[in-house]
Amino acid sequence: MIESVRTRFKVYSILFLAVVIGGTAGIMSTEGFSLLDACYFIIVTMATVGYGDVHPVTAAGKVLTIFIIITGVVTFVGAIANAMEFMLARRDMQVRMNKLNMLIGVFFSEVGLRLMSLFSTADPRLAAIRGKLVVTGQWTDQEFRKVSAEIRSYDCTIRMDAMDLAQLQAFSREKRDFLVRLLENPILLEHETFTELLQAVFHLAEELAYRGDVSDLPASDRSHLAFDVKRVYTLLISEWLDYMRHLKINFPYLFSLALRTNPFDRQAEVVVRDEKAVTLDP
């Protein structure tokens with residue numbers, strides 16, 4: 001919705017500027033007004049305020065003014081109306097995104113952080129990215145974007161022999177109802193990347209649910225599961241970074257806890273031992 005409003009606002013703004021610029025040039029040519037007087041005249045005409053000091057006196061100027069009234073008033077009103085609609089749509093979108101980020105936070109608390117911990121143990125190249133994922137309170141927007149771009153291009157490999165599949169299966173079974181309830185939430189449709197992540201996690205949970213004993217799977221089946229795990233793993237890290245950025249900007253106290261539960265930070269611990277790090281609140 002907000003994209004369609006944004007598009008309409010751009011169209012009306014362009015038309016508004018075109019009428020102002022074209023009308024100003026036309027009035028300067030027909031009436032001999034200065035640039036300021038001509039621009040003032042056009043704005044007054046489009047705003048339907050009326051004239052008291054500057055007005056057309058030539059026939060050509062009057063014809064041009066009629067055209068400006070017909071086209072300009074509609075354009076002016078349309079631009080103002082769409083500007084208001086765009087601002088309201090942005091505010092509404094912000095409210096919905098805040099609700100969505102609450103759901104994302106619950107997801108990471110209940111499922112996401114645990115999955116990242118399990119998957120990272122089976123990532124033989126973890127050392128190459130671990131340092132990049134140690135988020136700190138000094139990270140800037142640019143730093144978050146830079147690391148996110150690097151993670152999206154990270155080609156990880158998953159060693160299934162290093163993963164406790166039975167533990168992953170039990171955890172997925174335990175969280176199945178939770179995942180189903182998240183998928184049923186219509187707000188998630190507004191966040192494509194998180195919806196993709198959630199679908200990938202649910203698919204992996206279904207794959208594991210259909211298997212009984214996972215302790216003696218053939219190599220071909222483990223290879224198949226490795227692709228599903230890899231998909232979830234990379235999507236998880238990318239979405240987690242976006243969520244951490246959101247917390248840093250909007251909720252410093254939640255960001256503080258997120259730093260202390262970072263699954264990639266070996267020094268992270270929930271208990272605060274440094275008085276200077278008690279809070280990140282401004």
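Reader: Leaving aside neighbours within four places in sequence, which residues is Lys175 in contact with?

Author: Quick housekeeping before that one. This is a predicted model, where local features need pLDDT of at least 70, side-chain atom pairs count only at pLDDT 80 or more, and totals for chains, interfaces and linings use all residues. Residues are numbered from 1 along each chain as its sequence is written, and side-chain values use heavy atoms, with hydrogens and water left out. Now, contact means heavy atoms within 4.5 Å. With those sequence neighbours set aside, Lys175 is in contact with Glu110 and Val111.

Reader: And is Lys175 buried or exposed?

Author: The scale is relative accessible area: buried is under 20%, exposed is over 50%, and partly exposed is in between (1.4 Å probe, protein chains only). Lys175 comes out at 11%, so it counts as buried. Lys175 sits in the loop between H6 and H7; helices here are DSSP runs (H or I, at least four residues), strands are E runs of at least two, and both are numbered from the N terminus.

Reader: What lines the largest cavity?

Author: First the idea. On a 1 Å grid over the protein atoms alone, a cavity is a set of points where a 1.4 Å probe fits but cannot get out, while a pocket is an open set with protein on both sides within 12 Å along at least five of seven lines; lining residues have an atom within 4 Å of a point. Grid points are joined across faces, edges and corners, and a volume is the space filled by probe spheres set on the points. Here, the search of the whole structure finds one cavity of 30 Å³ or more, and the volume of the largest cavity is about 60 Å³. Its lining includes Lys175, Val111, Phe171 and Leu179. H8 gives the largest share, three residues. By type, the lining splits into seven nonpolar, one polar and one charged; Ala, Val, Leu, Ile, Met, Phe, Trp, Tyr, Cys and Pro count as nonpolar, Asp, Glu, Lys and Arg as charged, and the others, Gly among them, as polar.

Reader: What about the largest pocket: which residues are closest to its centre?

Author: The largest pocket has a volume of about 630 Å³. Of its 24 lining residues, Met97, Asn101, His191, Arg245 and His246 are closest to the centre. H3 supplies the largest share of this lining, eight residues, and the lining as a whole has eight nonpolar, seven polar and nine charged residues. Met97 lies in helix H3 and is partly exposed at 23%.

Reader: Which residues have the most contacts inside the largest nonpolar core?

Author: A nonpolar core is a set of buried Ala, Val, Leu, Ile, Met, Phe, Trp, Tyr and Cys residues joined through side-chain atoms within 4.5 Å. The largest one has 59 residues, and Phe107 and Phe119 have the most contacts inside it. H9 gives the most to this core, with 13 residues. Residues touched by Phe107 include Phe178, Leu182, Phe194 and Leu236.

Reader: How many disulfides are there?

Author: A disulfide is a covalent bond between the sulfur atoms of two cysteines. The test is a pair of cysteine sulfur atoms within 2.5 Å, and the count is zero. Cys39 is partly exposed at 32%, whereas Cys156 is buried at 1%.
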